[in-house]
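Please look at the model first.

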Amino acid sequence: MTVSVTPHFMPFTTFEPFHHALRAQLRQDVEVLFTYANLPNPLNEACRYVMTAHGKMVRPLLVASAFASVNISTEDNTRYDMCRRAALAVELLHTYSLVHDDLPCMDDDALRRGQPTAHIVFDEATALLAGDVLQTLAFEVLSADMPTFAPANATLTSQLLAIFAPRARRMVAGQMLDLNAEARSSILQSELEAIHRDKTGALIEAAVLMGAICADASALQQQALQTFAQHIGLAFQVQDDVLDVTTSTDTLGKSAGSDEKLDKSTYVKLMGVDSAQHYAQSLFTDGKSAIINTHHFSSSSHHALLALTDWLWARHK
Ligand code: GRG
């Protein structure tokens, strides 16, 4: 029998219980997934280590909030379970990118999510393979026959893949553009924006659109959500650049000041801390307006997205 298990992250009431329920749901789903995947050790341990660390779950939250923003019956287990699959998929892909980004051949970082990075705890080959398999699982999870999930809906799976795959590819392209921009003495804002539309923004856009697809959002709702996601994605990156210079390693749970150390092209380098902070705030505001100023959502249903945006703006890590 394949049924949803409690807890249920729907419906949205206020942000904290929603976040809590989503985190609990994701924890259960990660466990089910790794039992299903039956990976050999130390690969299995490395995957569990990085997937159970304390990430903020921003992308699954975006999937779930977009899903909640489209008034849908919480009784519809098929769509709800496809949403669980999508939330898992974006977190798997995101975590793979962090594991690879931390490798010695990339940023060579020793700390992530408040704990030593995978290649430090295991070894480089295991960390590399963990990233690889998290990526393949991110796609497999959209259709796999797994206990506790209602059977995947083939139409929804193919719609989700059409959203997810090109944006996963764009994330890697963005990373290449970012590496190409290292050590450049100056960069135009338009060039920086182009890097982050791909590197950070594409997956954030995928998360929002995948939640929308699972909830059967109309074309107009999808359009509004895409505009929302594009603003939030850029705001998130600008804020990340600011936090890198204003927040301690302890609070961040990753090495502070790493952008300067690697001579990265950042918004702080381009416009200074204060202007970057204002820019992030205006992008968050514009993102919210994209949802509020349309009549495509009921005033109660878009609360999850607006509350998530406020939570992102207030974040310290
Ligand atoms: C394919 C190697 C490879 C990289 C792709 C996404 C990416 C490019 C690299 C990851 C490193 C990085 C600084 C990405 C920018 C996006 C970003 C701000 C990531 C951190 O996301 P959070 O803050 O992390 O949501 P947690 O740990 O909370 O999930």
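Helix 4 (77–101) gives six residues to the lining of the largest pocket, the largest share. Helices (H or I, at least four residues) and strands (E, at least two) are DSSP runs, numbered from the N terminus. The model is predicted: local features need pLDDT of at least 70, side-chain atom pairs count only at pLDDT 80 or more, and totals for chains, interfaces and linings use all residues. Residues are numbered from 1 along each chain as its sequence is written, and side-chain values use heavy atoms, with hydrogens and water left out.

The largest pocket has a volume of about 1,000 Å³. Among the 48 residues that line this pocket, His94, Leu98, Asp101, Arg112 and Lys254 are closest to its centre. On a 1 Å grid over the protein atoms alone, a pocket is an open set of points with protein on both sides within 12 Å along at least five of seven lines, a cavity is a set where a 1.4 Å probe fits but cannot get out, and lining residues have an atom within 4 Å of a point. A volume is the space filled by probe spheres set on the points, which are joined across faces, edges and corners.

The ligand sits in the largest pocket, meaning that more than half of its atoms lie within 2 Å of the pocket's grid points. Around the ligand are 20 residues, the closest being Lys56, Arg59, His94, Asp101 and Arg113; a residue counts as near if one of its heavy atoms lies within 4 Å. Helix 4 also gives the most to this shell, again six residues.

The protein covers 93% of the 710 Å² of accessible area that the ligand has on its own (Shrake-Rupley method, 1.4 Å probe).

A search of the whole structure finds one cavity of 30 Å³ or more. The largest cavity has a volume of about 110 Å³, and 14 residues line it, with Val50, Val99, Asp102, Arg112 and Ala118 nearest its centre. Helix 4 supplies three residues of this lining, the largest share.
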